[in-house]
Structure formats: C-alpha cells, structure tokens
Amino acid sequence: MAPLIAVLDYEIGNLRSAQKALQHLGADARLTADPGLVRAADAVVLPGVGAFGRCMEAVRRAGLEPLAHEAVERRVPFLGICIGMQMLFEASEESPRATGLGILPGRVRLVPGDVKRPQMQWNLLQRRGDPELLRLAPDPAWAYFVHSYAADTDDDIVTATCDYGGRVVAAVAKGDVWATQFHPEKSSRTGLAVLQAFVERASALVPG
C-alpha cells in the first residue's frame, strides 16, 4: 500500500512541486492543512520558498505549527525542504523578530563570504558519514540550490555540506527528521533518490 504523505499547505510558494514529485514515486501525497489528515499520515513534508518570517507567519496562521510538533513527537518521518528546513530551526537572521519551530538546534545565518546571493545553481554534495537520506543518491551527488541563508547547527546532525564561499550545510538529520537546503524536486537523480529514500522509509511504517 502506498504511504500517505501529508505535504503541509500554508499557501506560499509552489508547494505542489514537492507533492507531484512524491506522487511520481508512488506515494499518496496530499497537499493539506487538515489536522485529521496530517495526524493520519505516514509521513509529513514541510516544503517552502520565500522569506523565513513570512513563511513562519503563514505556517502559524494555517494552524500547522502544533501539527508539525505532534508529528515529530510521534516519530513520524518528517522532511523539511529549503525554507521548510530553515523553519525547523530556532530563528533566522533574515527575520530577526520571527521565531522558528525549534525542532532542530541552531539558527539560520546569511551565507558567508564574498559570493553572489542567492546561491542559485547546481552544487556538489559532500556527504558526512553514510546518511540514510543519501543512501540511494549517485556518487558524486549534485543538487540544485536557491538560497541566501543556511543553517548554523550542531555538527552531529549535519549529513551533507557544499562549498559556496565556505562550508554550507546542505542537509541534516536528527532521529526521524530529515531536511535539505537544496530542492530535491529540482535536483534530478539526486533529488529523486532523496525522495525515494523518504518514501521507502514511510512505506516501512504502513501496516500490513
């Protein structure tokens, strides 16, 4: 049976691109803010593009903040994408007055160095260890980024980095929470491999 994956709908950005990529891989992915559906889901995805503060405001307005925390507490596989990854942290320099979800430790800071912002390009992922998130990805693994800010967090949850004016955190994992700064749905073979690993992880929890 296909896993039910709730793609959290807070009405900012092209949230359907993540939904369509998951559907392409055989998941029953639904764009939703319905509490009952989110609680019934086998996995949850928080995608996003845009400004940190505006996205956090929209997430809270849609009533999704407690649902995200509930999913993490229930140990449901959870995937944050781009701004969705950034919102999992405590705060961001982009929007100093806004607080994040605080699911992951750390803050989001401006990409350092004398580089063009946003980083809008393909970049090579540098794996740290043997992360489950990248277990199906090609080697070398290239991914597509669009961002000016990146996570500053504990090294022990970093699963991949890239080089852009210095070391940039590209992916993290803590327990059942995965997150990517790059866009899997725009990252060809690497992105589909990440989403496939996530779908398989959700499938393993489907009864019978």
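Arg-75 counts as exposed, at 58% relative accessibility, where exposed means over 50% relative accessible area, buried under 20% and partly exposed in between, with a 1.4 Å probe and protein chains only. Arg-75 sits in the loop between helix H4 (65-73) and E4, helices (H or I, at least four residues) and strands (E, at least two) being DSSP runs numbered from the N terminus. The phi of Arg-75 is near 65°, a positive value in a residue other than glycine. The model is predicted, with local features needing pLDDT of at least 70 and side-chain atom pairs counting only at pLDDT 80 or more, while totals for chains, interfaces and linings use all residues. Residues are numbered from 1 along each chain as its sequence is written, and side-chain values use heavy atoms, with hydrogens and water left out.

Most residues other than glycine have a negative phi, and most peptide bonds are trans. Glu-11 also has a positive phi, of about 65°, although it is not a glycine; Glu-11 lies in the loop between E1 and H1 and counts as exposed at 72% relative accessibility. As for the peptide bonds, Arg-117 and Pro-118 are joined by a cis bond with omega about 5°, and Pro-118 belongs to the loop between E6 and strand E7 (119-124). The bond from Asp-139 to Pro-140 is cis as well, with omega near 5°, and Pro-140 is placed in the loop between E8 and E9.

Ala-141 lies in the loop between strand E8 (126-127) and E9, and Ala-141 is buried, with a relative accessible area of 1%. Leaving aside neighbours within four places in sequence, Ala-141 is in contact (heavy atoms within 4.5 Å) with Asn-123, Leu-124, Leu-125, Arg-127 and Thr-190. Ala-141 and Arg-127 are 14 residues apart in sequence and 8.8 Å apart in space, C-alpha to C-alpha.

The strands can be followed next. Strands of a sheet pair through backbone hydrogen bonds, either parallel or antiparallel; here two strands are taken to pair if DSSP finds at least two bridges between them. Strand E3 (residues 43-46) runs parallel to E4, joined by three bridges, and the bridge partner of Leu-46 in E4 is Gly-80. E4 also pairs in the parallel sense with strand E13 (residues 177-180), over four bridges, and there Gly-80 stands opposite Ala-179. E8 and strand E11 (residues 158-163) run antiparallel and are joined by two bridges, with Gln-126 having Thr-161 as its bridge partner in E11.

A three-stranded open sheet has the order E5-E6-E10, and its pairing is mixed. Strand E5 (91-92) and strand E10 (149-152) are the edge strands, each with a single partner strand, so one side of each is left without a neighbour in the sheet. Four bridges join strand E6 (residues 107-110) to E10 in antiparallel fashion, and Leu-110 has Tyr-149 as its bridge partner in E10.

Helix H1 (residues 16-24) has Ser-17, Ala-18, Gln-19, Ala-21 and Leu-22 as its buried residues. What covers these residues includes strand E1 (4-8), E2, E3, E4 and helix H6 (188-203). H1 is followed by Gly-26, whose phi is positive, near 100°.

Turning to the cysteines, a disulfide is a pair of cysteine sulfur atoms within 2.5 Å, and the count by this rule comes to zero. Cys-82 is in no disulfide, the nearest cysteine sulfur being that of Cys-55 at 8.9 Å, and Cys-82 is buried, with a relative accessible area of 2%. The sulfur of Cys-162 is 12 Å from the closest cysteine sulfur, in Cys-82, which is too far for a bond; Cys-162 counts as buried at 1% relative accessibility.
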